[in-house]
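Please look over the model below together with the numbered points that follow. They are arranged by topic for a reader new to protein structure.

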Amino acid sequence: MAKELVIVLDFGGQYNQLIARRVRECNVYCEVHPHTLSIEKIKEMNPKGIIFTGGPNSVYGEDSPTYSKEIFELGVPILGICYGSQLIAHLLGGKVATAPVSEYGKTEVEVDKKSLLFGNLVGGAESKIVDDVVVDVEKPTDKDVVKTICWMSHTDYIAEAPDGFTVTAKTPVCPVAAMELPEKKIYATQFHPEVMHTVEGVKMLSNFVYKVCECSGDWKMSSFVEDTIKQVREKVGDGKVLCALSGGVDSSVAAVLLSKAIGKQLTCVFVDQGLLRKNEGDEVEAVFGPDGPYDLNFIRVNCQERFYEKLAGVTEPERKRKIIGEEFIRVFEEEAKKIGAVDFLVQGTIYPDVIESGLGKSAVIKSHHNVGGLPDCVDFKEIIEPLRLLFKDEVRKAGRELGIPEYLVNRQPFPGPGLGIRIVGEVTAEKVKIVQDADFIYREEIAKAGITGLGQYFAALSNMRSVGVMGDGRTYDYAVVLRAVNTSDFMTAECSEIPFEVLQKVMNRIINEVKGVNRVMYDLTSKPPGTIEME
Ligand code: XMP
């Protein structure tokens with residue numbers, strides 16, 4: 001079990017989980033907790049380090065989040081980022097003010113390499129990011145001061161560091177871009193080391209956890225898997241558990257993890273709700289059913305009509321999501337009753353689902369049905385979400401640790417509400433068939449063209465019908481939308497550049513082979529401003 005823990009105290013910033021994830025990438029276990037976490041609890045958790053996050057407030061705001069000054073007396077190293085840095089300055093007697101010029105975006109920052117945080121920085125163009133990791137392109141410099149690109153996003157700034165602090169970074173408009181009090185192990189940066197645009201940010205966080213917190217790096221994804229298996233065993237005891245299995249990466253990883261933890265106390269229920277991709281029901285059954293490689297209790301429930309009836313006439317996306325989410329739970333409850341005495345429901349919820357459903361206190365983008373789409377009343381004693389803190393690529397790593405075959409771990413994600421949110425407007429059996437067939441052709445052609453590395457790609461059905469001409473006759477049919485995006489965390493995404501001839505081929509085949517479609521469009525939108533799915 002990992003013994004070293006770094007706590008991220010959440011003051012409302014957007015990048016809080018990203019900080020945790022970067023620390024975990026340094027092989028140190030890290031969890032995000034609200035800034036209301038009590039000092040007693042922190043002492044109990046015995047962390048090796050604490051990181052104060054950024055946040056949208058000003059330290060002078062009436063309701064701005066804060067923390068007791070006692071935290072600085074614990075002897076635990078602290079790193080404040082952005083708002084977190086201003087809060088440290090404010091609490092310890094420095095001066096925070098509105099900056100004469102706000103800094104936003106990539107900014108050249110002059111850093112003092114004598115600081116433990118910055119000792120191995122090489123500066124500016126001499127470092128670059130390869131596969132998420134910052135590498136030194138040239139030999140480290142022995143200059144004391146280097147200029148390195150950092151991501152700034154602030155209107156307030158630290159105008160004066162508190163007494164005793166040393167200023168270790170600045171920009172022409174920000175006199176205290178970083179400061180520290182090494183005797184008390186307190187460090188602060190106005191910029192965000194956790195975002196990729198801070199070219200040497202990973203090094204800074206690594207310096208904090210290794211050089212300041214003196215961690216040894218005892219955490220790996222395998223520790224996460226082992227710890228989670230232990231925790232699940234303790235929680236479940238000899239109780240029975242039902243796993244909501246969709247066959248997608250997240251729920252598959254959750255199912256295999258749970259099966260390793262509690263064996264046949266687990267039953268996986270796969271609901272074929274009539275909103276799956278073409279042939280998908282049979283494919284999932286082939287992997288997790290009795291003829292597959294896993295020794296699981298597996299139940300497939302075919303209930304297409306039931307879902308279509310509930311969705312009839314409903315067009316509003318959030319309503320559709322809630323209906324699908326609720327109906328799923330009702331099916332699981334019914335199956336649980338048949339099994340008898342099931343206390344726990346397992347879901348493969350991952351971190352972006354939590355955030356986009358607004359449960360991480362940011363705005364609701366859409367209610368991912370396995371989180372925000374849950375009905376108020378759920379007939380299970382508890383819901384277990386073992387992957388809730390992980391990003392998609394971390395879930396894939398966990399899947400590999402569990403020995404799940406590469407083709408399953410690398411499956412592109414498929415949302416819980418399925419084609420229900422890829423059909424704009426009312427869902428009908430006819431539209432489901434159209435989108436299934438179009439999507440099948442699209443996937444087939446992408447595979448034939450040997451295109452790999454796409455984050456997610458699929459066909460969706462717009463609610464638009466338009467006039468066309470086919471075989472000298474007028475048509476008035478649906479438009480299919482093709483989407484393909486590059487993304488690693490699914491929080492942001494860019495439209496992929498699919499070769500034009502591949503798109504043309506897909507368009508031709510869809511129009512010729514799928515009845516009811518006379519137009520095919522390619523969606524160029526990135527996220528933001530769009531989202532990956534249509535609804
Ligand atoms: P969006 O459309 O929000 O999607 O940009 C981000 C990622 O999440 C998937 N997604 C969902 N997954 N339940 C899920 O399990 C949902 O309700 C849901 N909605 C979107 C989507 O496919 C993409 O990978």
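1. Parallel pairing. Strand S3 (residues 49-52) and strand S4 (residues 78-81) run parallel and are joined by three bridges. Within this pair, Ile50 has Ile78 of S4 as its bridge partner. Helices (H or I, at least four residues) and strands (E, at least two) are DSSP runs, numbered from the N terminus, and two strands pair if DSSP finds at least two bridges between them.

2. Basis of the note. This is a predicted model, in which local features need pLDDT of at least 70 and side-chain atom pairs count only at pLDDT 80 or more, whereas totals for chains, interfaces and linings use all residues. Residues are numbered from 1 along each chain as its sequence is written, and side-chain values use heavy atoms, with hydrogens and water left out.

3. The sheet as a whole. Nine strands form an open sheet with mixed pairing, in the order S2-S1-S3-S4-S11-S10-S9-S5-S8. Its edge strands, each pairing on one side only, are strand S2 (29-34) and strand S8 (145-160). On average, neighbouring strands of this sheet are turned by 25° against each other, direction ignored. Axes here are lines fitted to C-alpha atoms, for helices over the stretch in contact, and angles run from 0 to 180 degrees between N-to-C directions.

4. Antiparallel pairing. Strand S5 (residues 95-112) and strand S9 (residues 166-170) run antiparallel and are joined by two bridges; Glu110 stands opposite Lys170 in S9. S9 also pairs with strand S10 (residues 178-181) in the antiparallel sense, over three bridges. There, Val167 is opposite Met179 in S10. As a general point, side chains in a regular strand alternate between the two faces of the sheet.

5. Helices across the strands. Which strands does helix H1 (residues 16-25) lie across? They are strand S1 (5-10), S2, S3 and S4, and H1 runs at about 160° to S2. Helix H3 (residues 83-91) lies across S3, S4, S5, S8, S10 and strand S11 (186-189), at about 115° to S4. Contact means heavy atoms within 4.5 Å.

6. Helix H4. With 12 residues, helix H4 (residues 201-212) reaches 15 Å from its first C-alpha to its last, close to the 16 Å expected at 1.5 Å a residue. The expected span is 1.5 Å times one less than the number of residues. Among the buried residues of H4 are Met204, Leu205, Phe208 and Val209. Buried means under 20% relative accessible area, exposed over 50%, and partly exposed in between (1.4 Å probe, protein chains only). After H4 comes Glu214, whose phi is positive, near 55°.

7. Salt bridges. A salt bridge is a side-chain nitrogen of Lys or Arg within 4 Å of a carboxyl oxygen of Asp or Glu, and by this rule the count is 36. In one of them, the side chains of Asp250 and Lys392 meet at 3.0 Å, N to O. This pair links distant parts of the chain, 142 residues apart: Asp250 is in helix H6 (residues 249-262) and Lys392 in helix H11 (residues 392-401). Asp250 counts as buried at 12% relative accessibility, and Lys392 counts as buried at 5%.

8. Glu444 and Arg509 form a salt bridge (3.0 Å, N to O). Because Glu444 lies in helix H13 (residues 429-448) and Arg509 in helix H14 (residues 500-513), the pair ties together parts 65 residues apart in sequence. Glu444 is partly exposed, at 29%, whereas Arg509 is buried, at 17%. A network of salt bridges links Glu444, Glu445, Lys448, Lys505, Arg509 and Glu513.
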